[in-house]
Amino acid sequence: MTEPEPLPLAGVRVLDLTALLPGPICTLHLAELGADVVKVERPGGDVIRQLMTGVFETINRGKKCLELDLRSAEGVLYLERLIDQADVLVESFRPGGLAKLGFDSARLVERNPRLIYVSLSGYGQSGPLAGQPGHDVNYLGLSGLLAFSGSPDGPPEASGGIPIADLGGALYATLGILSLLLRRQKTGRGGVIDVPLAATALKLAEVRLAAHIAEGSPEKSEFMGRGAYGVFVGGDGGRFTLGCMEQHFWRRLCQVLGADELADDSRFRTYADRCRSAALVNEKLQGYLLLRSSKEWIELLSAADIPVGPVLEPDELGADPQVASWGLLHERPGYRAVDLPLIGLDLAAGHAPVTIGADRAHDPWPEA
């Protein structure tokens, strides 16, 4: 019988001093990869418990949960002992907030030279906005990413409730931690990383920023349109997606639709042309697409090897055969969990801490 592969981060101890979304999602990734994560909540618990029902359970599964008052002598002593045992510390205080409690990064890395210290904050540890509060929409606005949202002829819009900067920050922080863990194998030393959430949004906007400059910085109405790319409606009112960027997909789409007038129209000859005339080409496409139901179009266009797909509602995800084939989505009492999409890599399956300070009664790392 073949022995199971060890989890990638088995034996790595992570101290999570974060709240809300970015930090806990980062340490969730580490927990899924096998790290031993201890989450420290302030008295009364992480505020996300009250703000977003079910989210705390989802993003803190697989962690040990402590409740500590870092303004008390007992809490400080307890935390110091955990820091001495930790490989990684992730915090999301405002810049200087943890240092005011006696836990500045320089002192902690000097105390524990192997420690990897990661700060997640809105605008980073320096700069004119460093101490300012913020949330995802603020970071998207500063990064330029928000300017690429909404309709081509309308104002910028927030991201439909998907916290892009928060998620990006969690991923980049995880990448930084993995990088320093690899470096530590060679040097024996940890390090300090500053992860500004607004800067992660700037990185996520990189491709669009590059295209915008390359095209001469056009107005939003000229730059944001996508011809034959987006959400369309069938004759039954059902929605589906089309993504015909490449010429061979465009020509095949016109052929299946019987739309010779579109294929031969000089205004739609290239993808760039179709983007410049996006409103017109999509209006014409929509006229053809009303002739059949959304289900029929998905079947026809899929058979023709054209990028097409359904627009699923949240309650439809579990029944979709493609989603089911990944085996990533799990329904649990009171919340939904989605595993890291690293299919083929063994991950730790953890359950969520329910009560505040569930693991305070015992030492979370007793063997050290």
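Tutor: Start with contact, which means heavy atoms within 4.5 Å. By that rule, and not counting residues up to four places away in sequence, Arg226 touches Arg208, Tyr271, Cys275, Ala278 and Asn282.

Student: What kind of model is this, and how are its residues numbered?

Tutor: This is a predicted model, in which local features need pLDDT of at least 70 and side-chain atom pairs count only at pLDDT 80 or more, while totals for chains, interfaces and linings use all residues. Residues are numbered from 1 along each chain as its sequence is written, and side-chain values use heavy atoms, with hydrogens and water left out.

Student: How many helices and strands does the chain have?

Tutor: Helices (H or I, at least four residues) and strands (E, at least two) are DSSP runs, numbered from the N terminus. The chain has 16 helices and eleven strands. Its C-alpha atoms fill a box of roughly 75 × 55 × 40 Å along the principal axes.

Student: What share of the residues is buried?

Tutor: Buried means under 20% relative accessible area, exposed means over 50%, and partly exposed lies in between (1.4 Å probe, protein chains only). Of the 368 residues in the chain, 45% count as buried. For the surface as a whole, accessible areas come from the Shrake-Rupley method with a 1.4 Å probe, and for residues only the protein chains shown count as cover. The chain exposes about 19000 Å², and carbon and sulfur atoms supply 57% of that area.

Student: Why is helix α1 described as largely enclosed by the rest of the structure?

Tutor: Eleven of the eleven residues of α1 (residues 22–32) are buried, so the helix is largely enclosed by the rest of the structure. Among them are Pro22, Cys26, His29 and Glu32.

Student: Which elements give two or more residues to the lining of the largest pocket?

Tutor: First, how a pocket is found. On a 1 Å grid over the protein atoms alone, a pocket is an open set of points with protein on both sides within 12 Å along at least five of seven lines; lining residues have an atom within 4 Å of a point. Grid points are joined across faces, edges and corners, and a volume is the space filled by probe spheres set on the points. The largest pocket holds about 1300 Å³ of space. It has 50 lining residues, of which Ala19, Leu20, Ser92, Phe93 and Arg94 lie nearest its centre. The elements giving two or more residues to that lining are α1, β2 (36–41), α2 (48–51), β5 (116–121) and α6 (136–143). Helix α6 gives the most, with four residues.

Student: Where is Ala278, and is it buried or exposed?

Tutor: Ala278 is in helix α14 (residues 278–289), and it is buried, with a relative accessible area of 7%. Leaving aside neighbours within four places in sequence, Ala278 is in contact with Gly225, Arg226 and Gly227. Arg226 is in the loop between α10 (220–223) and β7 (229–233); at 22% relative accessibility, Arg226 counts as partly exposed.

Student: What does a positive phi tell me to look for?

Tutor: Most residues other than glycine have a negative phi. Ala228 is not a glycine, yet has a positive phi of about 60°. Ala228 is in the loop between α10 and β7 and, at 0% relative accessibility, counts as buried. Asp305 also has a positive phi, near 60°. Asp305 lies in the loop between α15 (294–303) and β9 (308–310), and is exposed, with a relative accessible area of 53%. Just after α1, Gly34 takes a positive phi of about 110°.

Student: Which residues does Val12 touch?

Tutor: Val12 lies in the segment before β1 (13–17) and is buried, with a relative accessible area of 12%. Not counting residues up to four places away in sequence, Val12 touches Ala35, Asp36, Asp87, Val88 and Leu181. Across the chain, residues 24 or more positions apart account for 69% of the contacts with a separation of 6 or more.

Key. 1 Å grid on protein atoms, 1.4 Å probe; cavity = no way out; pocket = protein on both sides within 12 Å on 5 of 7 lines; lining within 4 Å.
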